[in-house]
Amino acid sequence: MTPALENTVYSVFANPLNGPTGRPCDGTSALYAPDGSALVRAAPAQDTTLLADLTPGALAEARSHLGMLTEHREPAPFRPHATPHAGNAARAG
């Protein structure tokens, strides 16, 4: 699942069984590993409890070869606020 992979974290998606009128839910909750793979998924239309082992080792392994969190841009240079445009100052007064 994309959020797990992009952030290299465990992600849990809870989907209730049934749901509000006009927005039915089939209960297909899931837990995804930091590499984006599904650890466990609930079967549709069944009341289910999901269990999975969440280990720091799997987190470290995913982060060692997936560099999403280490890749970043240089911060933008500081630019002081510009002085107000003469036309704006005239309208304000």
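Modeller: Start where two strands face each other: Ala 30 stands opposite Arg 41 in S5. This is a predicted model, where local features need pLDDT of at least 70, side-chain atom pairs count only at pLDDT 80 or more, and totals for chains, interfaces and linings use all residues. Residues are numbered from 1 along each chain as its sequence is written, and side-chain values use heavy atoms, with hydrogens and water left out.

S4 and S5 pair in the antiparallel sense over three bridges. Two strands pair if DSSP finds at least two bridges between them. Strands (E, at least two residues) and helices (H or I, at least four) are DSSP runs, numbered from the N terminus. The pairing of S4 and S5 belongs to an open antiparallel sheet of three strands, in the order S1-S4-S5. S1 and S5 are the edge strands; each has a single partner, so one side of each lacks a neighbour in the sheet. On average, neighbouring strands of this sheet are turned by 10° against each other, direction ignored. Here axes are lines fitted to C-alpha atoms, for helices over the stretch in contact, and angles run from 0 to 180 degrees between N-to-C directions.

Now look at Ser 29, in the loop between strand S3 (25-26) and strand S4 (30-32). Ser 29 is buried because its relative accessibility is 13%. Buried means under 20% relative accessible area, exposed over 50%, and partly exposed in between (1.4 Å probe, protein chains only). Leaving out residues up to four places away in sequence, Ser 29 touches Phe 13, Ala 14, Asn 15, Val 40, Arg 41, Ala 42 and Leu 50. A contact here means heavy atoms within 4.5 Å.

Next come the rings. Those of Phe, Tyr and Trp (its six-membered ring) pair if their centres lie within 6.5 Å; planes under 30 degrees apart count as stacked, over 60 as edge-to-face and the rest as tilted. The count by this rule is one aromatic pair. Phe 13 and Tyr 32 form it edge-to-face, at 5.8 Å centre to centre with 75° between the planes. The pair links distant parts of the chain, with Phe 13 in strand S1 (residues 11-13) and Tyr 32 in strand S4, 19 residues apart. Tyr 32 is buried, because its relative accessible area is 10%. Phe 13 is partly exposed, at 34% relative accessibility.

Past S4 comes Ser 37, in the loop between S4 and strand S5 (38-41). Ser 37 is partly exposed, with a relative accessible area of 32%. Ser 37 touches Leu 31 and Tyr 32, not counting residues up to four places away in sequence. The side chain of Ser 37 also makes a polar contact with that of Asp 35 (2.7 Å). A polar contact is a pair of N or O atoms within 3.5 Å; within protein, one must be able to donate a hydrogen and the other to accept it, and residues adjacent in sequence count only if both atoms are side-chain atoms.

Beyond S5, Ala 45 is found in the loop between S5 and helix H2 (56-65). Ala 45 is not a glycine, yet has a positive phi of about 60°. At 60% relative accessibility, Ala 45 is exposed.
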